[in-house]
Amino acid sequence: MRYILFEFKEGLLIAFRALRANKVRTSLTMLGIFIGITVVVLMSTAIKGIDNSFQDGISALGSDVLYVDKWAWFSNEDWWRLRNRRSIDMADYEKFKELARLPLAIAPVINARQTVKFGERRVESVFLNGSNADYVKTTNFTFDQGRFYNEVESNASRQVAVIGSEVATKLFPRGDALDKTIKIGGANFKIVGVLSEQGSFILGPFNPDNQVFIPIGTIFKNFVARHRGTITINVRAPSPAMVEETKAEAEGVMRKVRGLKHDEENDFSINQQEGLMENYNSVVGVIQIAGLFITGLSLFVGAIGIMNIMFVSVRERTKEIGIRKAIGAKRRTILTQFLLESSAICLLGGIAGLVAAILGSMALNQYFPTSIQPQAAIIAIGVSALTGILSGFAPAFTAAKLDPVDSLRYE
Amino acid sequence: MNIINIEHIAKIYQVGLEEVQALRDVSLRIDKNEYVAIMGPSGSGKSTLMNMLGCLDTPTRGKYEFNGVNVSEMTDNDLARIRNKEIGFVFQTFNLLPRSDALHNVELPLIYAGIPYGERRERAKKALVDVGLADRIDHKPNELSGGQRQRVAVARALVTSPSIILADEPTGNLDSKTGEEIMQLFNELHEKGNTIILVTHEEYIAEHAARIIRLKDGLVEKDEAVTKRQIPKSSSAVAP
């Protein structure tokens, strides 16, 4: 055992000497693995980052919230049939609210888009969320300043607003949004609350950070005619475990509200975050595999490069191998030496690639969510070492089997 | 007491469809502390014989006993071990590792012998001092003259205290003065008790030895003591 360690250590020293002796070739060879590892790790941190971000965003939607709507988020149905469905209006909402027993909270939601201004600053095409005081109970919102608008304000359709953190930052960079009056569309609204960052890069305009929340009455008054829009009824189940039950009840209630006979199909859809999640997972799954495959290819090309160079190196050092054998190096000593050389190249290239990928991730993080995982590091190192051993094996074996007499004669 | 006992060895190569008999039937014995030169023209088989003696290759037929052990049928690994511990090679073209310094070149056989760092550095240093290169220990081969390189090679050959020193045209790439210094070195090694086998095609060099074995066409033609040995001009090139 001690002898194996000795041989390993000495082999490593001799291998490093050989690499140092030919720095240019060593660096160029390393480049292949370096690029391969950098790309693979960067890709996996980016994918994980987006994945985390999306998961956060979807959680923000609430796994226990149902969205009763005319439209279906995912459906095999004809878009035309969906379009022809009767809109859902406030009367439907009121009736639903009366009949449904299970939900923790029920709120009507209608959307619009307007430009929001304060003084010189403006944010274009902001997503307006019009609802009532119950809306906040269907979310997990946390507040940086102030509060959600209350029942009194909502019933009276007062022009008050709660703004998301991104909107607040853009209009009030110094953070003094509370109690100020902003212009939504042409109308004045007083800010009664500012949300803290809910965080989800992926949801874009659907991200609460980019939204403004106002009483539904003010939407009807200023932006959308009552009969033109369709309302979504947000329904919050008492707990995620009760979602299915709540959904079943909601369907029954809604059918009654809409006056459907028992042989008629639903003229509404009940959407859930779960559908989003499934859809997302399958898409991400494909992207992940495709991404890994492509970047894995670059690693493979790097490995081939290493094998090629090692063969050249062995051929070039035929005389040296002959000398070593003449002095008493056994076959396995030569094998070990060259195997260690290729492994060292790959390991060094891999570590350098890992460092570059980590730096790259941090730089990329400004534009793009990235998430560095320790598993990625371990896998990167492991893959590098393995590549070194596998791609170096054939050349090392060739070197070990050289005949000392012929090798010494090689010019 | 003989170190080398060769009985009727032959070496036959297949070159395409033809058979080449490099050695046909060679027998000889070499005792401890002998100083032998092996001579012959091109094609006489002297290189092949040297490869046999140095355990770089095994004979097709016949028996080779080295220090009483039959090496003619040994495995590659066992031969490597013998080369490492018992045989010190000195080549015409020096054959040093070009990108390592003298010390590393000399310690290499000790690394392969499994000697730990401290001890082998000491032994390598001593070997270099013994050949007169105390102040060149950290020089690379390209920073040394031809004669100095050959000395490094001799130090390397000596560092494992081998049974024999096998030199193949050791002065072939040196000028006559430097060559003379190297022959002086061999002389001193012989006087210290080493067994030296020289392979050469130069009469003058061969006559430094005490015995000359002449080969021709794969056979021993003559094997006789040298009557008038060449004594190299004494120089202070080597440490006492």
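**Figure 1. Helices H3 and H5 of chain B cross in a right-handed sense.** The view is taken from a predicted model. H3(B) and helix H5 (residues 146-158) of chain B pack with their axes 7 Å apart, at an angle of about 30 degrees. Because angles under 35 degrees count as roughly parallel, H3(B) is roughly parallel to H5(B). On the side of H3(B), the residues in the contact are Ala102(B), Asn105(B), Val106(B), Leu108(B) and Pro109(B). H5(B) contributes Val152(B), Ala155(B) and Arg156(B). Sorted by class, the contact of H3(B) with H5(B) has 6 nonpolar residues, 1 polar residue and 1 charged residue.

**Figure 2. Helices H3 and H4 of chain B also meet in a right-handed crossing.** Helix H3 covers residues 102-112 of chain B, and helix H4 covers residues 117-130 of chain B. Their axes come within 9 Å and cross at roughly 125 degrees. H3(B) and H4(B) are therefore oblique to each other. From H3(B), the contact takes Ala102(B), Leu103(B), Val106(B), Glu107(B), Leu110(B) and Ile111(B). From H4(B), it takes Arg120(B), Arg121(B), Arg123(B), Ala124(B), Lys125(B), Ala127(B) and Leu128(B). The contact of H3(B) with H4(B) has 8 nonpolar and 5 charged residues, and no polar ones. Among the residues of H3(B), Ala102(B) and Val106(B) take part in the contact with H4(B) and in the contact with H5(B).

**Figure 3. Chain B as a whole contains 7 helices and 10 strands.** The C-alpha trace of chain B spans about 50 × 40 × 40 Å along its principal axes. A compact globule with 240 residues would have a radius of gyration near 18 Å, and the 18 Å of chain B agrees with this.

**Figure 4. In chain A, helix H1 packs against helix H11.** H1 runs over residues 2-21 and H11 over residues 331-364 of chain A. The two axes lie 8 Å apart, at an angle of about 60 degrees, which makes H1(A) oblique to H11(A). H1(A) passes H11(A) in a right-handed crossing. The residues that H1(A) brings to the contact are Glu7(A), Gly11(A), Leu12(A), Ile14(A), Ala15(A), Phe16(A), Ala18(A) and Leu19(A). They meet Thr333(A), Thr336(A), Gln337(A), Leu340(A), Glu341(A), Ala344(A) and Ile345(A) in H11(A). By class, 9 residues of the contact between H1(A) and H11(A) are nonpolar, 4 are polar and 2 are charged.

**Figure 5. Chain A is assigned two stretches of fold, domain 1 (2-57 + 278-409) and domain 2 (64-272).** The centres of domain 1 and domain 2 of chain A are 53 Å apart. The secondary structure of chain A comes to 13 helices and 10 strands. Along its principal axes, the C-alpha trace of chain A spans about 100 × 55 × 40 Å. The radius of gyration of chain A is 32 Å, whereas a compact globule of 411 residues would have one near 22 Å.

Definitions and conventions:
Residues numbered from 1 in each chain as written. Chains lettered and ligands numbered in written order. Predicted model: local features only at pLDDT ≥ 70, side-chain atom pairs only at ≥ 80, totals over all residues. Domains from an automatic or database assignment. Axes fitted to C-alpha atoms, helices over the stretch in contact; angles between N-to-C directions. Helix = DSSP H or I, 4+ residues; strand = E, 2+ residues; numbered from the N terminus. Parallel < 35°, antiparallel > 145°, perpendicular 65-115°, else oblique. Left-handed = near helix turned anticlockwise from the far one by under 90°. Contact = placed C-beta atoms within 7 Å. Nonpolar A, V, L, I, M, F, W, Y, C, P; charged D, E, K, R; others polar. Rg over C-alpha atoms; globule rule 2.2 N^0.38 Å.
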